[in-house]
Amino acid sequence: MTEPTAPLIELFRSWISSRVDAPSLAWIDDRAAAVAAGDKKSLFIAFGLVPRKVGKTDLALSEVDRNAAEATRPGWSPVGWSLDQLVRTYFVLCFPSTDIESYVRTLDLMFSTGEVGELVALYQALPLLPEPKAHVLRAAEGVRNNIKAVFAAVCQNNPFPSEQFNDDQWNQLILKCLFIGMSLRPVIGVDARANAKLMGMLVDFAHERRAAHRPIPAELWRCVGPFADDRAVEDLRIALTSGSVAEKQAAALALNISPHPKAKGILATSPDLANAIAAGEISWRTVATAEAAN
């Protein structure tokens, strides 16, 4: 095992031991030992049996657990993980990764043969695996996956895309979230990874939706504001004056952070929204809540 993986294995083992009964823990320890010895068959079989052995209860992590996760792997938090996902990831981490090419081939086989639950666990585990650059194409494939649960495993509460994707890969992830109606709030790095090319893509997307008389996702403007050009600022003005409640809030937030010379003047035409932003009453959380209520 590689040095960064060992602390994770220790953390996972401690979480598992406090959440399963003695027979289940004995089975996990026995299978983990075989997996750690490089037995691929044991890895594949154990990985598939996990839900039957431990169930799918929520981890219900305490604040201490969450702090331990952050300390062990900065930027990562297993929000929403279940016990079977934890144990499956534990087995993957136990498998030797000293030969990274062999390790990746083994993972490729698991990805290519896994059912939905297994794929979710594997994609969630990406930020914990050794040699992250070796898994970028696999993560990009997850973005293209048409199963919503699998796509969510890649993009929600997962630091891997924001840390490893290039701009084109990242932009496709954001665009797909908006296209299928998935909120950007759980996407780690959504503000830090905003870029001018993405802004242009999102404005084009907004124009297509408007031309088809379809609603424009309010959160779209979150990635537009920092790089808004003349066309985008005009779109923000329209959203501010004639959009839904969520769109008006989003347009106001985008204008508030935009460096465009016209942005603050446009925002000033809606003093109630400008004052609400200054008072901390409007945020991207309130935008997502308002949009979900529609």
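I began at Glu131, which counts as partly exposed because its relative accessibility is 48%. Here buried means under 20% relative accessible area, exposed over 50%, and partly exposed in between (1.4 Å probe, protein chains only). The model is predicted: local features need pLDDT of at least 70, side-chain atom pairs count only at pLDDT 80 or more, and totals for chains, interfaces and linings use all residues. Residues are numbered from 1 along each chain as its sequence is written, and side-chain values use heavy atoms, leaving out hydrogens and water.

**Loops**

I looked up the backbone of Glu131. Its phi is positive, about 50°, although Glu131 is not a glycine. Glu131 sits in the loop between α7 (116-125) and α8 (136-144). Helices are DSSP runs (H or I, at least four residues), numbered from the N terminus.

I then turned to Asn157. This residue, also not a glycine, has a positive phi near 55°. I found Asn157 in the loop between α9 (148-155) and α10 (160-164). Asn157 counts as partly exposed because its relative accessibility is 30%.

**Gln164**

I placed Gln164 in helix α10. Gln164 is buried because its relative accessible area is 15%. Beyond neighbours within four places in sequence, I list Pro132, Lys133, Val136 and Gln169 as its contacts. Contact means heavy atoms within 4.5 Å.

**Core and rings**

I stayed with Phe12. At 0% relative accessibility, Phe12 counts as buried. Leaving out residues up to four places away in sequence, Phe12 touches Trp76, Trp81, Leu86, Thr89, Tyr90, Leu93 and Leu128.

Rings of Phe, Tyr and Trp (its six-membered ring) pair if their centres lie within 6.5 Å; planes under 30 degrees apart count as stacked, over 60 as edge-to-face and the rest as tilted. The count comes to ten aromatic pairs. Phe12 and Trp81 form an edge-to-face pair, 6.3 Å centre to centre with 90° between the planes. Phe12 lies in helix α1 (residues 5-17) and Trp81 in the loop between α4 (63-72) and α5, so this pair ties together parts that are 69 residues apart in sequence. I noted Trp81 as buried, with a relative accessible area of 3%. Ring pairs link Phe12, Trp15, Trp76 and Trp81 into a cluster.

Definitions and conventions:
Helix = DSSP H or I, 4+ residues; strand = E, 2+ residues; numbered from the N terminus.
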